[in-house]
Amino acid sequence: MSKEPVAVVGIGQTKHVAARRDVSIAGLVREAARRALDDAELTWADVDAVVIGKAPDFFEGVMMPELYLADALGAVGKPMLRVHTAGSVGGSTALVAAGLVAARVHGTVLTLAFEKQSESNAMWGLSLPIPFQQPLLAGAGGFFAPHVRAYMRRSGAPDTVGSLVAYKDRRNALKNPYAHLHEHDITLEKVQASPMLWDPIRYSETCPSSDGACAMVLTDRAGAARSPRPPAWMHGGAMRSEPTLFAGKDAVSPRAGKDCAADVYRQAGIVDPRREIDAVEMYVPFSWYEPMWLENLGFADEGEGWKLTESGVTELDGDLPVDMSGGVLSTNPIGASGMIRFAEAALQVRGQAGEHQVERARRVLGHAYGGGSQFFSMWLVGSEPPDS
Amino acid sequence: MTREIAVVAFAQTDHRRTSEEFSEVEMLMPVLHEVLDRTGLKTADIGFTCSGSSDYLAGRAFSFTLALDGVGAWPPISESHVEMDGAWALYEAWTKLLTGDADTALVYSYGKSSPGSVRDVLTRQLDPYYVAPLWPDSVALAALQAQALIDAGDTDEPALAAVATRSRAAASANSHAQLRDSVPHGDYVVRPLRTGDCPPVGDGAAAVVLAAGERARDLCARPAWIRGVDHRIEAHGLGVRDLTDSPSTRLAAEKAGAFERPVDTAELHAPFSAQEVVLRKALGLDDSVRVNPSGGALAANPVMAAGLIRIGEAAARIHRGESDRALAHATSGPCLQQNLVAVLEGDPR
C-alpha cells in the first residue's frame, strides 16, 4: 500500500517573548492553534485529531498537561496524543501527526508544541541531579560546550566562527516578527565581547528562554485541494535515537543524526543535499552547532562545515541559507523549538515567510535534536507534491 | 486500511509495592529481553520502537532518555516516546506500521510509583491554576465518581465490593499480580471507597511486539490481530462531565469496531471498582463477557503501564487460544477523562 501524501495548510505561532504573563498555558496554546486554523481557513470542527508536544513537564510543573488542555484545543470528543522526545519533540510531534494522515487514520490533524519557560528556570530544570549527571555540569550549555571544543580541535576551525553564526541569526531574527530576540543594535563586536559562559560558548552565542507555541494543520490530498493558500508538501520525515552516553558515541557528529538525514533524503529522492536543498531551518541552540550540523546533515564533508559558515554560504542571501527565521538562537520555547523549525521550513516553500523569505525556496529541510545529541527528527518539505 | 497488524508477544514484570533496589532501566531490561526472546527478534531487527512513561513518577526530567539505554539503541533506531500510558505508545506504533514504514514494532512502558506518593503526584495532572493548588488526590476524585454512581442508583457498596473480590480472585491465576486471592475490603479511604475498592500502589513494566501481515504469522502461532483501535478525550473539568458515564469510551469503542460483533473477553483499565461499573455500561458488556480475567488494575496498577498491560493480557489470551475476540481498554486522567479501546481477534479455529 502507498502512503497518503501529507500537506501543511496552516501555520500559527505566538510572538515569542521571555514571559507571557498575560495568558495561561491554555491561552498561549490556543493563540497559536487559532492562527494555524485561520491560515488554513478551517474551524475547530474540521480537525479530526490533536497531537501535542512539549518537553519536559517539569518546566511548567504540570504533569501531562494535554489532559488540562483538551478543552482549550477543541479536542473534546477527539483523539489527543502527547509526544515527548526531549529537545527534538517539536519535530517528532509533527511527524507523529503526519503519520496519522499518511496512514489514512485521519484526514486533518492539528499539531502543536509549546513551552512556557517563564514558569520555571530552564537552567536548573535541565540540570539533572547527581548521579544522573556529573557534578558542576549545569544546564544544557555545560553539557554541550565540551563537544563544541572537540569540534574546534577536530576541524581546526578558527574560534571566530561561532560569533559569525550568532551575528547572522540575530540579524535574521530582525526580519521575523515572531522572533523573541530583536537586537536592533547587534554588531559582530558585541557578540565577541559578550561574557564567556561555558568556554568556548559566549552569552550572545546561546539561546534565550522563551514562552511560545507553534501549531500546524496537516491534511491529506483532498484537504490540500481545498487549501486557500499554497500548501507545503512533505517529501520525507524520520526520527532516530541512540543512547545518551556510551564509549562508541561520537558526540560531535552523532550517527543517529546522519542516519536520520540519510533516511529523509532517501524518501525525498535527494542525492546531493548541498545542491538539491534550497535552505535549512536547523536546531542551533549554541552557535557552533551550525557548522557541526552542516557536516552531520551531509551539507559539507567532515571538518569543512565551518568553511561554509565563514564564507557566507549560510547567510540569508547566501547559497544555502540556514535559520532564516533567526533560529533557536533567537527564539527558544524548548518544547516548541523543533516544530518552529519544521513550520518555518514549510513557510519558506509556501512563499509565506515574509521579510525572511528565501527566493525560489522549493525544498527546505526542518531539523531538530534533543537529549544528549541523541534524539533527531527531520522533515523535508517542498512546494510541489511528492512524485508518487 | 488494508494492512493487518497484530500483537505477537507480551511480557511484564512482577508488580510490586516497591523496587527501590532497581533503577527504571534495571526494572525494564528483563521485560525487553523476554518479549524479544518470544519472537526471536533482536533490537536491530525491530522497525520502530515507542515507549510511554511519565517524568513525574521518577521525579526527574527526561527520565525516559535513560530507559532508552536498556533498549540497546545501537546502531541508532527509529524511536519515539509518548508522555502517556504505553497503550498510546502502542497506538503510535500501530499507525507507523499502517503507513508501511515498518513491519515490526517494540512498545514498552513502565512506572515506578514507589519513589513518591502517587496520590499526591497525580494531583499535578489537574488544571494548574484552579484545581491543582487544592491538591485533590486521585482517591478523592474517584470517590466523587463512585458516590455519583451510587446516587444515580447504578451501584451500591456491596456491588463494588463484589467487583473487587472477583478481580482479586481472578488474579490468583496471574503470577505477576500484586494483590491476589482474598483481600480484606478494609476501612474507608475516602467514602464510599474502601481500601479494597482502590488499586494497589506499585512498580512495574510491560512490553509488546507488534508485527504486520505475514511477518506476524512468522513470529507467532496465533497472532492477536488488531481489528481496530481508537481513543478519545473528554473535558478536563469534573463539573462539566457526567461522571456516571464515559462517552469517550463508547465513541472509541465504536470507532474501533467493538460493537460490530460480541467480544468474549474484556480487559478494562479500571483502577477503582466503581470505574468498572461506568465502563461496563459505556461498552454494553453483559455477563457473557469475561471481564478482567487477569485481575485488572485492582490487582496491579503500575501507573503508565497498566493500560498497555490490558492490551497485552487480552492478546496473550488470544495467543493461548482462550479468547477469539477480545476488547482491551486503557484510561488516563482524572475519573476516566481519556480512554482508548482496542479490538483484538485470533484467526478462526
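Contact means heavy atoms within 4.5 Å. Helices (H or I, at least four residues) and strands (E, at least two) are DSSP runs, numbered from the N terminus.

## Basis of the model

This is a predicted model, in which local features need pLDDT of at least 70 and side-chain atom pairs count only at pLDDT 80 or more, while totals for chains, interfaces and linings use all residues. Residues are numbered from 1 along each chain as its sequence is written, chains are lettered from A and ligands numbered from 1 in the order in which they are written, and side-chain values use heavy atoms, with hydrogens and water left out.

## Helices H3 and H14 of chain A

From helix H3 (residues 89-102) of chain A, the residues Val89(A), Gly90(A), Gly91(A), Thr93(A), Ala94(A) and Leu95(A) meet Gly335(A), Gly338(A), Met339(A) and Phe342(A) in H14(A). By class, this contact of H3(A) with H14(A) has 5 nonpolar, 5 polar and no charged residues. Here Ala, Val, Leu, Ile, Met, Phe, Trp, Tyr, Cys and Pro count as nonpolar, Asp, Glu, Lys and Arg as charged, and the others, Gly among them, as polar.

The axes of H3(A) and H14(A) come within 5 Å and cross at roughly 60 degrees. Axes are lines fitted to C-alpha atoms, for helices over the stretch in contact, and angles run from 0 to 180 degrees between N-to-C directions. H3(A) and H14(A) are therefore oblique to each other; angles under 35 degrees count as roughly parallel, over 145 as roughly antiparallel, 65 to 115 as roughly perpendicular and the rest as oblique.

Ile334(A) is also found in helix H14 (residues 334-350) of chain A. At 10% relative accessibility, Ile334(A) counts as buried (buried means under 20% relative accessible area, exposed over 50%, partly exposed in between, with a 1.4 Å probe and protein chains only). Leaving aside neighbours within four places in sequence, the contacts of Ile334(A) are Ala55(A), Phe59(A), Gly87(A), Glu115(A), Gln117(A), Leu126(A) and Tyr283(A). Ile334(A) and Lys54(A) are 280 residues apart in sequence, and their C-alpha atoms are 7.5 Å apart in space.

## Helices H5 and H11 of chain A

Helix H5 (residues 139-155) and helix H11 (residues 289-296) of chain A have axes that come within 10 Å and cross at roughly 65 degrees. That makes H5(A) roughly perpendicular to H11(A).

On the H5(A) side, Phe144(A), His147(A), Val148(A) and Tyr151(A) meet Tyr289(A), Pro291(A), Met292(A) and Glu295(A) in H11(A). The residues of this contact of H5(A) with H11(A) divide into 6 nonpolar, 1 polar and 1 charged.

## Aromatic rings

Rings of Phe, Tyr and Trp (its six-membered ring) pair if their centres lie within 6.5 Å; planes under 30 degrees apart count as stacked, over 60 as edge-to-face and the rest as tilted. By this rule the count comes to 18 aromatic pairs over all chains. The rings of Tyr91(B) and Trp94(B) have centres 5.7 Å apart and planes at 40 degrees, so the pair is tilted. Tyr91(B) and Trp94(B) both lie in helix H4 (residues 86-99) of chain B, 3 residues apart, about one turn of the helix. Both Tyr91(B) and Trp94(B) are buried.

In chain A, ring pairs link Phe143(A), Phe144(A), Trp198(A), Tyr283(A), Phe286(A), Tyr289(A), Trp293(A), Tyr369(A) and Phe376(A) into a cluster.

## Helices H4 and H11 of chain B

The axes of H4(B) and helix H11 (residues 306-319) of chain B come within 5 Å and cross at roughly 60 degrees. Gly86(B), Ala87(B) and Leu90(B) in H4(B) meet Gly307(B), Leu308(B) and Ile311(B) in H11(B). The contact of H4(B) with H11(B) has 4 nonpolar, 2 polar and no charged residues.

## Loops of chain B

Leu122(B) is found in the loop between helix H5 (118-121) and helix H6 (138-151) of chain B. Leu122(B) has a relative accessible area of 19% and is buried. Beyond neighbours within four places in sequence, Leu122(B) is in contact with Met63(A) and Ser138(B). Trp135(B) lies in the loop between H5 and H6 of chain B, and its phi is near 55 degrees, a positive value in a residue other than glycine. At 48% relative accessibility, Trp135(B) counts as partly exposed.

A cis peptide bond joins Trp74(B) and Pro75(B), with omega about -5 degrees. Pro75(B) is found in the loop between helix H3 (63-71) and strand S3 (79-82) of chain B. A cis peptide bond also joins Arg191(B) and Pro192(B), with omega about 5 degrees.
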